[in-house]
Amino acid sequence: MLAELQGLIERITYFNDETGYTVARVKVYGRHDLDTVVGTMHELNPGEIIQMKGEWSTHPKFGEQFKIVYYESKVPASVTGIQRYLGSGLIKGIGPVMAKRIVAKFGEKTLDMIERDANRLVEVEGIGKKRVEMISKAWEEQKEIRQVMIFLQSHGVSSAYATKIFRQYGNASISVVKENPYRLATDIFGIGFVTADRIAVKLGFAKDSDLRAQAGILYVLNQLSDEGHVYYPYELLMEESEKIWEIPTGIIENALHVITLERRVVIEKLSDGTKAVYLAKFHLAEISIASRIKALLAHKKSIRDIKADKALE
């Protein structure tokens, strides 16, 4: 069972921009010393309060650490937390000095004021209209990131996958995942059908949904290709898909028809009257190879003809 902690981020000691892997020192409520937390977290900053779920472990070199499986960023409640949050560099246009001035002016209502009436920032010494515009824009952008990450994690998406999804779709992440979570399996490296299917279930997608059937067929074909199959017989594919996903044949057939129209798969009639189903990329590769071989054979034949003609001269 995962342990739960909540605390204030005091400082970030390491952050990998590519993977999102973070090492942070956190003041956990009820504990005297700062704790080290590690895991994939998206652009956290000192002053933020985070709710965490994870496991304690002991690193041979760095000692006790809390490995985060899931986290949610909270609005900093204290004046000190707000000041650290704003002065962390998260919001363009606000540095440590300006954060101190803003919090001194608005106190615990600072974040609510920026959210609802950012123009009041001109009441702070050193802030003009241009800086207000800069701050407002950065605030909105950061808010989008937070909303996306919280939404994804609340539906069982790990912080590592959530970071990948946000990098792929940006502010459209929520709408993309709500509309068709199975896109994740084809669009994002490292997220397979099983993970996408789990997310879909969390979002309320039915087991016999058309989108699940379409993604399931593609998954089966990809798995078969790993076993060396360039194509798979139509009837066997229907049986395999129905057995694995427990979806009625009619829905599977309709799903195959849709992804054929979308040119994600190709159905070809073979010489024996049966049908073969290819992933589009493999069908194209097979046609290209066959065409190339044919061209090479034709070229070889033409060379033989030229040599024969010269021999008769």
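Which residue just after α9 takes a positive phi, and of about how many degrees?

Analyst: The residue is G228, which follows just after α9 and has a positive phi of about 100 degrees. Before going further, please note that this is a predicted model, in which local features need pLDDT of at least 70 and side-chain atom pairs count only at pLDDT 80 or more, while totals for chains, interfaces and linings use all residues. Residues are numbered from 1 along each chain as its sequence is written, and side-chain values use heavy atoms, with hydrogens and water left out.

Helix α9 covers residues 210–226, which is 17 residues. The expected span of a helix is 1.5 Å times one less than its number of residues.

A residue is called buried under 20% relative accessible area, exposed over 50%, and partly exposed in between (1.4 Å probe, protein chains only). The buried residues of α9 are R212, A213, Q214, A215, G216, I217, L218, V220, L221, L224 and S225.

In soluble globular proteins, nonpolar side chains tend to be buried together. A nonpolar core is a set of buried Ala, Val, Leu, Ile, Met, Phe, Trp, Tyr and Cys residues joined through side-chain atoms within 4.5 Å. The largest such core here has 53 residues, and M52, I165 and L184 touch the most other members. Helix α9 supplies the largest share of this core, 7 residues. Apart from it lies another core, of 22 residues, including L86, I91, F106 and M113.

Contact means heavy atoms within 4.5 Å. With neighbours within four places in sequence left aside, M52 is in contact with A3, E4, L5, Q6, G7, V26, V37, F66, I68, Y70 and Y71.

Helix α9 also packs against α11 (249–261). Axes are lines fitted to C-alpha atoms, for helices over the stretch in contact, and angles run from 0 to 180 degrees between N-to-C directions. The axes of α9 and α11 come within 8 Å and cross at roughly 70 degrees. That makes the two helices roughly perpendicular, given that angles under 35 degrees count as roughly parallel, over 145 as roughly antiparallel, 65 to 115 as roughly perpendicular and the rest as oblique. On the α9 side, D210, A213, Q214, I217 and L218 take part, and they meet I251, I252, N254, A255, L256, V258 and I259 in α11.

To return to phi, most residues other than glycine have a negative phi, and most peptide bonds are trans. E246, with a phi of about 55 degrees, is found in the loop between α10 (234–245) and α11. R263, with a phi near 65 degrees, lies in the loop between α11 and β7 (265–269). E246 is exposed, with a relative accessible area of 62%, and R263 is exposed as well, with 70%.

The residues E262 and R264 form a salt bridge, their closest N and O atoms being 2.8 Å apart. A salt bridge is a side-chain nitrogen of Lys or Arg within 4 Å of a carboxyl oxygen of Asp or Glu. E262 counts as partly exposed at 44% relative accessibility, and R264 is partly exposed at 32%. By this rule the count comes to 8 salt bridges.

Notes:
Helices (H or I, at least four residues) and strands (E, at least two) are DSSP runs, numbered from the N terminus.
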